[in-house]
Amino acid sequence: MSTKIRRLRSQQWFDDVSDPGMTALYIERYLNYGLTRQELQSGRPIIGIAQTGSDLAPCNRHHIDLAVRVKEGIRDAGGVPLEFPVHPIQETGKRPTAALDRNLAYLSLVEVLYGYPLDGVVLTTGCDKTTPACLMAAATVNIPAIVLSGGPMLDGYWRGKLAGSGTAIWEARRLHAAGEADYDEFMDMVTASAPSIGHCNTMGTALSMNSLAEALGMSLPGCAAIPAPYRERGQMAHATGRRIVGMVEENLRPSDVMTKAAFENAILIASAIGASSNCPPHLIAIARHMGVDLSLDDWQRVGRDVPLLVNCQPAGEYLGEAFYRAGGIPAVLAELHRAGLLRGEAITVSGATMAGTLAKAPTPDRRVIRSVDDPLMASAGFIVMSGNLFDAAVMKTSVIDPDFRERYLSTPGAENVMELRAIVFEGPEDYHARINDPALDIDDRCMLVIRGCGPVGYPGSAEVVNMLPPDALVRAGVDQLPTMGDGRQSGTSASPSILNISPEAAVGGNLALLRTGDRLRVDLNAGRVDLLVEDGELERRRAAHTPPELRNQTPWQEIYRASVGQLSTGGCLEPATAYLDIVVRRGAP
Ligand code: FES
Ligand code: MG
């Protein structure tokens, strides 16, 4: 944290006596909707509100209303708000995949934060990629920034039972495939899971990433879990607007908050909440843009043995409302702190340390938030895997259910080891076309493998690894097979897939050389997946391998493919990671 700054960044635009010509030009257009010169020249902090909500981005759309309260908070604290749009990212509606747009939204937000007269920014986050995109940009530019989550939807119900957004789709698909739900029932079940404004109410990528933002110290305490329609959400919007003005006065910047300690706290909370498998690449991307050294090894080292405390779907039973009422992220952080796991010295946007903010943490409802001594599952973090097919992949252990453990991981003498026959698909179209083909002879000793779905291959990396078994197998009671791939999977999926495989097939990873019928050995104790072939076979296959032709449908896909890295290192635009702290580097105050 630095001392109070004398001259604000925005004054370079609005109050530069040495160049009245440019100053007049900079100022005049901001007056045409009623702002005054006095407001812009009085040395008051100019605060951006990065608006991620729109009709195209419904998960974040209520930020349009929340921004009214944010502006009132900014005004009350003496700042001047300027709201502006962020490139929309809608997780479920964007083709070919919303992941392609995370780096595009990042890139454009960097330009806005760098190039306009802003002293600080409120980041309105929510739907999956909006949170990392905003945090990545704030990290690169490094002006004071605070996260305002939009909050989860109200809890959904279908025929008297909780129906979680995203998670209900997997269940509905299973029922539909098994012939137990017709088209209308299928549609009703899925839409019942989305009963109000807000982002996904499950512990999918949206709630996970907003929880990680809070654990990073980038939002006010308690922000992540407040359901979108609750009055507390509007109150949080007001408090967030007030606070960013104070942060500008203190020059409290992302680099003060997002330290290595903060990233370790985010990894801890990821294990404790049963976070989405999209969190490792997103958090690594934020860290790289912050200039903090963070890798999958840190996920393994810090997160692997942390227990699952939060009983939310898909790893558990409850949804966002229950999680909020049970105490939300402050209650979980307090449990981790009591157990001596948390880096309590990390500074948060509140100005207090993480330990300091937890003094007021609520007492949790134990049905939803367990203690470290009585967790839902011990060692619930991601396992980082490698082997002769790839250098890195992750497996989400918190969703390994008793059936899966019994069927695949309980071989006497070889606990946590499976030997399986590979069934290989070239992307989701191939999977859908052939999964029910009897010639594949798929049984419960098979592993479904999908490739061509990574950042370069898809492009953007698709959420497709959690593949359902053939209908006949589902009808016979096998509703889950081990799966693996170079794509991702939805954070709302309860499938313990091996995913985010890096390097992906499209850039020449050995996964490209796998064939249907090959034997695979998966050893969770050793964190390895190996293709069982004799020496020299992979080299022979590589010599005969022709990489598939990649076709771009838009200009951005071409630019993205040319500069994106692998999921193991965050799927960043690699050239962008060299631009650190750019406001300071260009000599601004
Ligand atoms: Fe937007 Fe889940 S689809 S939050
Ligand atoms: Mg998703």
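Predicted model: local features only at pLDDT ≥ 70, side-chain atom pairs only at ≥ 80, totals over all residues.
Residues are numbered from 1 along each chain as its sequence is written, and chains are lettered from A and ligands numbered from 1 in the order in which they are written.

**View 1. An open, parallel sheet has the strand order β2-β1-β3-β4.** Strands (E, at least two residues) and helices (H or I, at least four) are DSSP runs numbered from the N terminus; two strands pair if DSSP finds at least two bridges between them. β2 (80-85) and β4 (145-149) are at the edges with a single partner strand each, so one side of each lacks a neighbour in the sheet. β3 (residues 120-125) and β4 are joined by five bridges, and Leu123 has Val147 of β4 as its bridge partner.

**View 2. Helix α4 (residues 63-76) packs on the sheet.** α4 touches β1 (46-51), β2, β3 and β4 (contact: C-beta atoms, placed from the backbone, within 7 Å). Its direction makes about 170° with that of β1 (axes are lines fitted to C-alpha atoms, for helices over the stretch in contact; angles run from 0 to 180 degrees between N-to-C directions).

**View 3. Helices α9 (residues 205-215) and α13 (residues 279-290) pack at about 35°, with axes 11 Å apart.** Ser208, Met209 and Leu212 of α9 meet Cys279, His282 and Leu283 of α13.

Notes
Contact = placed C-beta atoms within 7 Å.
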